[in-house]
Amino acid sequence: MNKPHEPALVRADVGVNITRVETIPLRIPLRTPFKIANGPERPAVEVMLVRLHTDQGLVGIGETQAWRRQGSSETLITLDATIQRHFAPHIVGHSPFALPLIMENLAASIYHSLYAQAAVADALYDLQGKILGVPVHLLLGGSYRDKLAGCAALSIKPEREQTLTGAQEYYDQGFRSFTVKIGVNPRDDEHNVRALRERLGDDVVIRVDANAGMDYDGALALLKKLEPYDLDAAEQLLPLWDVDGMAELARHVSIPLMADECVATDHDLIHVIKKRAATVMQTKVAKNGGLWRMHKLWCIAAAAGMRIFPGNHPATSIATASVLHLAAAWAGPLLEGPFAVGLSLLDADVVTEPLRRDGPFVHLPAGAGWGLTLDEDRIRHLRCDS
Ligand SMILES: [Mg+2]
């Protein structure tokens with residue numbers, strides 16, 4: 001009987017093997033600095049691209065970020081070391097179609113290395129699509145939709161009018177779904193939500209996000225005050241270790257709760273489900289280990305009756321396309337999540353033709369793999385290791 005992790009199982013394929021793993025660390029400025037609870041203001045995003053080279057000349061691209069917040073301690077240096085020193089020996093010499101074997105071996109080689117795994121998994125999908133000449137969503141079963149709507153993510157601004165002006169600009173572009181950051185000052189939070197509801201009206205969807213920055217008492221008091229404003233969900237108010245606290249909160253307020261930071265692995269999600277600690281789940285390409293593992297989370301969440309909020313840390317078109325392709329092959333409902341937030345926030349992209357946007361919608365690109373081509377000049381300019 002064949003054993004799991006048996007390389008001989010995956011030799012029968014299309015005759016393309018990976019020859020080299022290339023890591024490309026980038027520092028991409030944000031158009032305006034972004035502030036969340038539980039962390040300093042951020043002037044830039046650190047992005048790690050992974051390029052997998054093959055003996056047939058085809059190259060696959062994946063992306064992760066060193067965003068650093070609760071649940072993520074990665075830096076570009078640690079991502080590079082993990083991928084080059086520990087992952088590359090499990091990748092080089094294999095077929096891109098050995099994705100399940102490779103991902104199992106990466107997980108076994110470094111515990112909880114999801115941020116590093118994400119870029120590899122996605123580069124393997126891109127390669128598979130390019131080898132077969134099909135877009136990634138066809139590898140996932142086919143095409144259900146060709147575009148996905150996102151939400152507007154409103155950062156914490158020093159003045160309320162700045163937040164409202166930002167929201168109005170998004171509204172004028174067609175956005176009807178808004179996530180406003182909370183958790184820095186409860187009094188300001190309530191005023192911000194009320195002002196947004198009054199300015200934008202009853203037809204827009206408003207969610208709040210504390211980025212795990214509150215304690216139980218503060219979160220309960222704030223959510224009670226926010227109950228009259230018809231919020232669709234309140235995202236990760238408590239620290240990621242306090243799933244019991246989330247479950248307790250869920251029983252005391254009428255606002256649905258969303259799990260984000262506390263769901264990295266499928267085991268984390270099962271824990272949240274068993275505790276009934278949230279009814280909405282947010283995924284992110286980097287946080288959850290790339291498309292391969294994200295897809296499993298969507299299946300588990302849907303089976304548990306949870307709503308799915310497709311997210312991302314601020315990312316380039318590459319990681320944004322990963323969510324788009326998964327969504328394209330997903331026939332169930334999806335909320336308008338912040339999966340494309342990077343397209344608005346980042347000052348530069350890394351591809352020759354960034355994803356096409358039309359108000360809140362981001363369109364699925366045509367072409368093999370992700371359907372995207374790296375812009376070599378731009379990458380040289382954004383590299384932060386030279
Ligand atoms: Mg979040």
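Is A331 buried or exposed?

1. A331 is exposed, because 9 other C-beta atoms are within 10 Å. The cut-offs are these: a residue is buried if 20 or more other C-beta atoms lie within 10 Å of its own, exposed if 12 or fewer, and partly exposed in between, with C-beta atoms placed from the backbone. You will find A331 in the loop between α11 (317–328) and α12 (341–345). Y144 is 187 residues away from A331 in sequence, yet their C-alpha atoms are 5.8 Å apart in space.

2. A word on the ground rules. This is a predicted model, in which local features need pLDDT of at least 70 and side-chain atom pairs count only at pLDDT 80 or more, while totals for chains, interfaces and linings use all residues. Residues are numbered from 1 along each chain as its sequence is written.

3. Now the overall picture. The protein has 13 helices and 13 strands; helices (H or I, at least four residues) and strands (E, at least two) are DSSP runs, numbered from the N terminus. Its radius of gyration is 20 Å, close to the 21 Å that the globule rule gives for 386 residues, so the protein is as compact as a globular protein of that length. Here the radius is taken over C-alpha atoms, and the rule is 2.2 Å times the number of residues to the power 0.38. Along the principal axes, the C-alpha atoms fill a box of roughly 60 × 45 × 40 Å. Buried residues account for 49% of the 386. Of the contacts between residues at least 6 apart in sequence, 75% join residues at least 24 apart; a contact requires C-beta atoms, placed from the backbone, within 7 Å.

4. The largest nonpolar core holds 118 residues, and L49, V120, F178 and M281 have the most contacts inside it. Such a core is a set of buried Ala, Val, Leu, Ile, Met, Phe, Trp, Tyr and Cys residues joined through C-beta atoms within 7 Å. Helix α3 (residues 114–132) gives the most to this core, with 12 residues. Leaving aside neighbours within four places in sequence, V120 is in contact with V50, G62, I83, F87, I91 and L106.

5. Helix α3 itself is mostly covered, with 18 of its 19 residues buried. From first C-alpha to last, α3 reaches 27 Å, close to the 27 Å expected at 1.5 Å a residue; the expected span is 1.5 Å times one less than the number of residues. Just after α3, G133 takes a positive phi of about 75°.

6. Strands β2 (residues 42–54) and β3 (residues 59–65) pair in the antiparallel sense over 7 bridges; pairing needs at least two bridges found by DSSP. H53 has V59 as its bridge partner in β3. The hairpin has 4 residues between the strands, and G57 takes a positive phi near 90°. Strand β3 is mostly covered, with 6 of its 7 residues buried.

7. Next, a parallel pair: β10 (residues 280–283) is joined to β11 by 4 bridges, and V280 stands opposite R307 in β11. With helix α10 (residues 291–303), the two strands make a right-handed β-α-β unit. Right-handed means that, with the strands pointing away from the viewer, the path from the first strand over the helix to the second runs clockwise. Both faces of β11 (residues 307–310) are covered, with R307 and F309 buried on one side and I308 and P310 on the other.

8. N312, in the loop between β11 and α11, is buried, because 27 other C-beta atoms are within 10 Å. Not counting residues up to four places away in sequence, N312 touches several residues, including K284, A319, V323 and F339. In α11, 12 of 12 residues are buried, and its end C-alpha atoms are 16 Å apart, which agrees with the span for 12 residues at 1.5 Å a residue.

9. Lastly, look at the open sheet of 3 strands, in the order β4-β13-β12 with antiparallel pairing. β4 (147–149) and β12 (357–358) stand at the edges, each with a single partner strand, so one side of each is left without a neighbour in the sheet. β4 is joined to β13 (residues 361–363) by 3 bridges, and K147 has H363 as its bridge partner in β13.

Note on methods
Contact = placed C-beta atoms within 7 Å.
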